[in-house]
Amino acid sequence: MAYSFPEEVLEHVFSFIHSDKDRNAVSLVCKSWYEIERWCRRRIFVGNCYAVSPRIVIRRFPEVRSVSLKGKPHFADFNLVPEGWGGYVYPWISAMAEAYPWLEELRLKRMVVTDEALELISRSFKNFSALVLSSCEGFTTDGLAAIAANCRNLKELDLRECDVDDRSGNWLSHFPESCTSLVSLSFSCLEGEVSFSALERLVSRCTNLRALRLNHSVPLDKLPNLLRRAPQLVDLGMGAYTAELRPELYSRLGNAFAGCKGLKSLSGFWDVVPSYLPATYSVCAGITFLNLSYATIQSPDLIKLIRQCRNLQRLWVLDYIEDSGLNALAASCKDLEELRVFPSDPFGQEANVSLTEQGLVSVSEGCPKLQSVLYFCRQMTNAALFTIARNRPNMTRFRLCIIEPRTPDYLTLQPLDAGFGAIVEHCKDLRRLSLSGLLTDLVFEYIGTHAQKLEMLSVAFAGESDLGLHHVLSGCKSLRKLEIRDCPFGDKALFVNASKLETMRSLWMSSCSVSFGACKLLGQKMPRLNVEVIDERAPPDLRPESEPIERLYVYRTIAGPRLDMPGFVWTMGDEKSATEFS
Amino acid sequence: MGKITNSSSSSIDSSNHPSISSATSSLPQPKRDLSTDLRLGLSISTSQPDDSSSNSREQPSDWPSLKPLLRCTIAEKGNNRQHPTLFVKVYMEGIPIGRKLDLFAHNNYDSLVRTLSQMFRTTILCPDIDEVLSGNDHVLTYEDKEGDWMMVGDVPWEMFLTTVKRLKITRANQC
């Protein structure tokens with residue numbers, strides 16, 4: 001059959017198609033489209049680095065320029081995944097060093113990155129331009145020095161919440177004097193000092209620098225000089241925002257900020273001294289993202305700052321803001337889309353601040369565009385959740401963390417099933433949900449019935465029986481990631497819904513009631529799943545099969561069982577594992 | 001759900017909600033009742049206000065769900081709930097695995113040197129006071145904020161604390 005369009009034309013058409021979903025759909029049309037598409041795909045996203053192997057990726061997509069990889073499951077952020085579990089990036093780098101010499105961008109999340117890997121990156125890809133490491137670990141500033149020194153066209157070096165061993169050796173000074181290409185430099189998670197003179201010179205000569213996020217070692221009196229050298233900045237992460245009160249520093253700061261007319265994003269604010277905050281007021285009207293997660297200042301000072309930011313779209317703040325501050329936010333910031341409120345004293349037994357469910361209700365009433373919420377608090381009511389749900393049917397991400405596990409509605413002492421039920425019923429586009437408080441199996445029935453667009457669900461200390469888990473697995477059509485801890489969910493729901501697990505990226509269950517025997521069976525019956533038992537006690541086969549395991553991580557994969565597991569991880573149903581046990 | 005009475009009594013009097021404890025549960029209870037850990041940990045820590053290490057030991061490291069950077073920053077600030085600490089790495093020449101030591105737990109160089117001598121089972125000499133340095137003796141050096149390695153003991157203790165990054169015990173005849 002003759003085709004109407006020559007390959008080149010199809011390829012040109014495909015070049016306008018960017019989303020992975022669309023590209024995947026294109027590749028399913030027919031064999032020839034599959035072939036054309038795979039040769040012209042330039043970006044790939046691998047949500048689970050063990051779902052596929054580097055070899056398979058490279059074989060299918062030979063001309064990739066940008067790779068994103070994710071390693072450990074999300075609960076690793078909260079110390080639930082033991083050290084050494086996996087997520088090593090080196091095998092990927094080494095395979096790509098041969099196959100993708102023109103690689104430009106690498107984005108890694110929750111992976112173990114070593115200095116060797118960073119050095120290999122810096123030497124292997126001549127056009128390398130962007131390295132973004134989020135929640136990664138395993139490397140030192142020596143590795144960063146290699147990137148700085150060897151990547152000639154580096155535009156972006158972003159370290160977000162990484163655990164980096166800070167060696168002295170001044171990695172920043174390794175950027176050669178000839179480097180002028182930086183657009184984004186972010187090292188706020190580093191602990192050590194950097195050379196100010198090297199930083200100033202670097203900022204001066206990189207005239208395209210748009211984002212600069214410093215770490216807390218950069219003192220406030222150095223900030224005006226940096227800002228004056230980079231008036232084109234759009235995203236600024238300040239270092240320490242504290243100093244003795246000196247009028248000349250204050251006015252230098254004020255002038256420097258006033259010069260940065262394009263600033264849209266402010267973060268950092270470590271050790272902030274309220275008296276210096278007004279120095280930022282001249283840019284506040286343009287600010288759309290304000291990250292005050294480290295700013296331990298009280299509500300009145302927070303309110304004054306927030307009132308200046310009329311165009312705020314995203315706010316991350318500590319619960320020092322209190323209900324009064326959230327009322328002010330609701331009144332001032334009508335464009336607010338995202339709110340995150342973190343606990344200032346998560347380990348205290350009682351509330352240290354006056355932040356309740358009322359604050360969240362206020363914001364849901366006053367901010368019509370609010371769609372993403374992460375809220376730590378100590379009390380909640382079904383009525384408040386009803387109100388929030390009715391106010392904001394456009395909610396897409398809703399994560400509530402009531403600090404004390406299994407806390408009921410404090411007015412009625414009932415479980416919060418009905419409240420969360422209202423959320424999933426009214427918010428039809430809800431993609432992400434985290435539950436907390438006292439919850440029975442009923443809430444999962446609501447979720448299974450109504451949350452048809454839900455992609456990610458996080459559950460802790462909730463439910464009463466396997467029925468809860470069954471409702472979710474049998475109901476939520478779009479579910480991709482399910483993470484559960486400390487719930488009485490066990491084998492039955494997993495068996496009945498085993499095939500559902502192949503339609504999801506992953507399932508995590510820790511401190512639940514899943515037996516070793518069930519895991520073995522699941523692993524045997526489902527060859528396209530890796531069923532990992534993660535247990536730091538003795539090997540699970542030395543205990544009765546009915547005994548619950550510590551942690552279960554199930555994910556779909558076409559790469560088979562992985563070969564880099566530490567001693568406390570077993571893949572079920574794998575012939576090799578079977579012989580180890582005998 | 002028998003655990004509920006325990007978990008809620010930390011903030012609400014257990015007599016307020018008798019109905020919850022009668023909820024049925026035929027399944028094995030989750031193994032760890034973190035809320036009890038939290039309560040116990042906090043009551044233990046309040047009876048020993050000076051022991052900062054018991055504070056950190058009792059707080060569960062995996063609840064509530066906070067990322068490490070934020071958790072550390074908050075814990076440090078945390079309403080003076082914990083004593084500030086300054087942990088630095090300490091290596092002894094020839095031994096690849098190092099130790100960590102809280103400098104704020106000491107008030108002066110003597111105390112530091114005594115602790116390190118015990119930790120590493122060696123004699124650490126002060127170059128001013130002690131004479132002839134033989135091959136088996138060690139001295140204490142530190143890396144400062146500028147990346148230079150210096151002999152410990154030259155500057156006042158408080159100044160030392162503001163500039164020290166890590167410690168190393170080296171053989172005396174190297175200095």
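Modeller: One cut-off is needed before the rest: an angle under 35 degrees between two axes counts as roughly parallel. In this predicted model, helix 15 of chain A, which covers residues 382-391, packs against helix 16 of chain A, residues 417-426, at an angle of about 5°, and their axes lie 7 Å apart. Helix 15 and helix 16 of chain A are therefore roughly parallel to each other. On the side of helix 15 of chain A the contact is made by Asn382(A), Leu385(A), Phe386(A), Ile388(A), Ala389(A) and Arg390(A), while helix 16 of chain A contributes Asp417(A), Ala418(A), Gly419(A), Phe420(A), Ala422(A), Ile423(A) and His426(A). Sorted by class, this contact between helix 15 and helix 16 of chain A holds eight nonpolar, three polar and two charged residues.

The C-alpha trace of chain A spans about 75 × 65 × 60 Å along its principal axes, and buried residues make up 59% of the 582 residues. Of the contacts in chain A with a separation of 6 or more, 70% come from residues 24 or more positions apart.

Elsewhere in the chain, an unreviewed UniProt entry carries the annotation "domain: F-box" for residues 5-46 of chain A; over those residues the chain is 62% helix and 10% strand, with the end C-alpha atoms 31 Å apart.

How values were computed: Residues are numbered from 1 along each chain as its sequence is written. Chains are lettered from A and ligands numbered from 1 in the order in which they are written. This is a predicted model: local features need pLDDT of at least 70, side-chain atom pairs count only at pLDDT 80 or more; totals for chains, interfaces and linings use all residues. Side-chain values use heavy atoms; hydrogens and water are left out. UniProt positions are given in the numbering used here, feature names are shortened, and annotations may be inferred rather than shown by experiment. Helices (H or I, at least four residues) and strands (E, at least two) are DSSP runs, numbered from the N terminus. Axes are lines fitted to C-alpha atoms, for helices over the stretch in contact, and angles run from 0 to 180 degrees between N-to-C directions. Angles under 35 degrees count as roughly parallel, over 145 as roughly antiparallel, 65 to 115 as roughly perpendicular and the rest as oblique. Contact means heavy atoms within 4.5 Å. Ala, Val, Leu, Ile, Met, Phe, Trp, Tyr, Cys and Pro count as nonpolar, Asp, Glu, Lys and Arg as charged, and the others, Gly among them, as polar. Buried means under 20% relative accessible area, exposed over 50%, partly exposed in between (1.4 Å probe, protein chains only).
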